[in-house]
Amino acid sequence: PSVPRHTNRLINEKSPYLLQHAHNPVDWYPWGQEAFDKAKIENKLIFLSVGYSTCHWCHVMEEESFKSKEIGEIMNEHFVCIKVDREERPDVDKVYMAFVQATSGGGGWPMSVWLTPDLKPFAGGTYFPPEDGVHRVGFRTVLLRIAEQWQENKDALLESSQRILEALRHTSEIRVQGQELPPPPKEVMDTCFQQLSRSYDKDYGGFSKSPKFPTPVNLNFLFTYWALHRTTAEGAWALQMALHTLKMMAHGGIHDHIGQGFHRYSTDQHWHVPHFEKMLYDQGQLAAIYSRAFQISGDEFFADVVRDILLYVSRDLSDQVGGFYSAEDADSYPTTTSGEKREGAFCVWAAEELRALLPDPVEGATEETTFGDVFMHHYGVEEVGNVDPMKDPYQELKGKNVLIARCSPELTAARFGLEPGRLSVLLQECRQRLSSARAQRPRPHLDTKMLAAWNGLMISGFAQAGAALAEQGYVSRAAQAAAFLRTHLFDPDSGRLLRSCYRGKDNSVEQSAVPIQGFLEDYVFVIQALFDLYEASLEQGWLEWALHLQHMQDKLFWDPKGFAYFSTEAGDPSLLLRLKDDQDGAEPTPNSVAVTNLLRAACYSGHMDWVEKAGKILAAFSERLQKIPITLPEMVRATAVFHHTLKQVVICGDPQGEDTKEMLHCVRSVFSPNKVLMVADGDSAGFLYRQLPFLSSLERKHGKATAYICSNFTCSLPVTSVQELRGMLSP
């Protein structure tokens, strides 16, 4: 590569996204005091650009505008330019995204915001084309107009920014109103179920026409609704919606049939043509939700999808020290000699390419048939490509095929006169060949940043899969990642989590010069992961660490006046607002998960004030939960768990004994949304016995492993039969 003509301050950062912009002619600064001081001293506006390294439109705006010498000169002359990786600094992203959404009615990335020198926003948007078009003003024009306004109408801009900030502060406030109580669970659950039912796509699954997102929070809610209404028609419909959606996603092009794992979302109704980036948070949540689908249905199809996701993460998103990387990009070079990246190039196929790779005749087929014929029929391959041109506005996928399972294995087998078992082996052989061929293509960019929150979601995925599928290897991988977090993303001196670390040279793990402290989402998802890991491994050290982090979360983020947790700590003068997220999205909002975490923490510690805190969160969000619960399905689910009270399932026995293992397998194989699992192994000096004195009164009956179902530390009669235990586990 040639020596870069420009290098800016981002060269000293660790974030892969910031490093992508280190050689722009724009004089970028990272978010921090140096940039703020420069804006004040020179009385300049700030241009804030927020994105992430696997964001397609971020790449487009960089190519068109930030690499332009002429546009760079305009930016440098009139503005102090700041670049932020939204995955490193979700706090900064959320404050200014709230502004962009409130003022433009939409949002997304790249996010472009103009700020006064004291960081107050007054103008913003997302992607801008470089030059004026028929329907859009170009970035160059916007820059020059805003610079002119600052020169001629500075006082009006400052006044406007102050008004906007006050309005944002008012509209974003979430607090308990008077003596409000948690909302009534039945009404909230039923309303959420009805709202999801109305938006459900009966043909293809999912909850919109297009684009279609995986939304694990919706599916999680539906599984819980089914568990609490399993004898009703509504309960059966909830289960049908969830399982059908999961099957259609797994058959679709959003699922990478060759390289495993799931892409970010589908651009169409059929889950066919995806936006091709792969995010760690999706893999973690989908591994967990497909594990639950397997628990509920017993259908090996879902277990196979779990194994598929975890194979992808283990192979492509795993650091050798134990952590998980953040994402793989959508864009890559089609060939080693290409000069321009294309979206999906790594994943798509031309029909002639498949014929060349799969020419073998199929023995025993009803006609002269090749492997390619069978594979192309099964996966919907067309000679001219199978991508709707309406879903490919830049013709990056013209003539290409996105694989989608168009037929059931039974239909494909019948079409070619094959035994189903023979077809399965043939398709597997084809996929392996294509995987080897794809490995020769240039890979998409890999974001090797490691985030505490997303690692927490992935640990939960591995731990829940290990428990539900009885795969000890998955539990061990979860434990390895948790140990990585404790070593690299936890400060034992302060007892606090850190947000991020990075793969360095020679595969070392590096930290930025000033480490970013953990946010609420980091604590919530890591605590959830540690509870999941304890239930899968029975290692009490994970439980102890989870309870320590819960105390720290309370100290750093709790709002004693308005209740619930703020997303950020107090005391950062560069953050204009302390927000509480009020919508489940690609990830559940942290307060939603915090409710269940607090209830689990109380069960494992006996600290009943945590149950009270959980109720206060639900009270703070009560109005939203009653009016539009579909925006918070994970919190609606938590409302039901709060009302029904968690069952403490205690197994008294030797964890290595076969009878104990049989009971543990029974508990882990049943989907029950309102249970916590613990083993009383007789070690009265152990952590659990110190936390929960009532465990000392429980004992094995007739020398056999014995189960007790306890509620608020009051226990049922002992059970030594697995069949009896299974019956007691239903909600």
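A disulfide, defined as a pair of cysteine sulfur atoms within 2.5 Å, joins C710 to C715, with an S to S distance of 2.1 Å. This is a predicted model, in which local features need pLDDT of at least 70, side-chain atom pairs count only at pLDDT 80 or more, and totals for chains, interfaces and linings use all residues. Residues are numbered from 1 along each chain as its sequence is written, and side-chain values use heavy atoms, with hydrogens and water left out.

**Cysteines**

The torsion about the S-S bond of C710 and C715 is about 100°, so this disulfide is right-handed. By the distance rule there are two disulfides; C55 and C58 are also joined, at an S to S distance of 2.3 Å. The link of C55 and C58 is right-handed as well, with 80° about the S-S bond. In sequence order, the bonded cysteines of the protein chain pair as 1-2, 3-4.

The table lists relative accessible areas; buried means under 20%, exposed over 50%, and partly exposed in between (1.4 Å probe, protein chains only).

| Cysteine | Relative accessible area | Class |
|---|---|---|
| C55 | 2% | buried |
| C58 | 3% | buried |
| C710 | 1% | buried |
| C715 | 27% | partly exposed |

The sulfur of C81 lies 16 Å from the closest cysteine sulfur, that of C58, which is too far for a bond. C81 counts as buried, at 1% relative accessibility. For C347, the closest cysteine sulfur belongs to C55 at 17 Å, again too far for a bond; C347 is buried at 14% relative accessibility.

**Nonpolar cores and domains**

A nonpolar core is a set of buried Ala, Val, Leu, Ile, Met, Phe, Trp, Tyr and Cys residues joined through side-chain atoms within 4.5 Å. The largest core has 156 residues, of which F223, Y290, I617, I651 and L725 touch the most other members. Its largest share, 12 residues, comes from helix α19 (residues 520–537), helices being DSSP runs of H or I of at least four residues, numbered from the N terminus. A second, separate core of 31 residues includes L18, C55, M75 and W114.

The domain assignment, automatic or from a database, gives domain 1 (9–172) and domain 2 (645–730). Their C-alpha centres lie 55 Å apart.

**Surroundings of Q195**

Q195 is placed in helix α8 (residues 185–199) and counts as buried at 13% relative accessibility. Leaving aside residues up to four places away in sequence, Q195 touches K627, I628, P629 and I630, where contact means heavy atoms within 4.5 Å. A polar atom of the Q195 side chain lies 3.0 Å from the backbone nitrogen of I630.

Terms used. Helix = DSSP H or I, 4+ residues; strand = E, 2+ residues; numbered from the N terminus. Polar contact = N/O pair within 3.5 Å; in protein donor to acceptor, adjacent residues only side chain to side chain.
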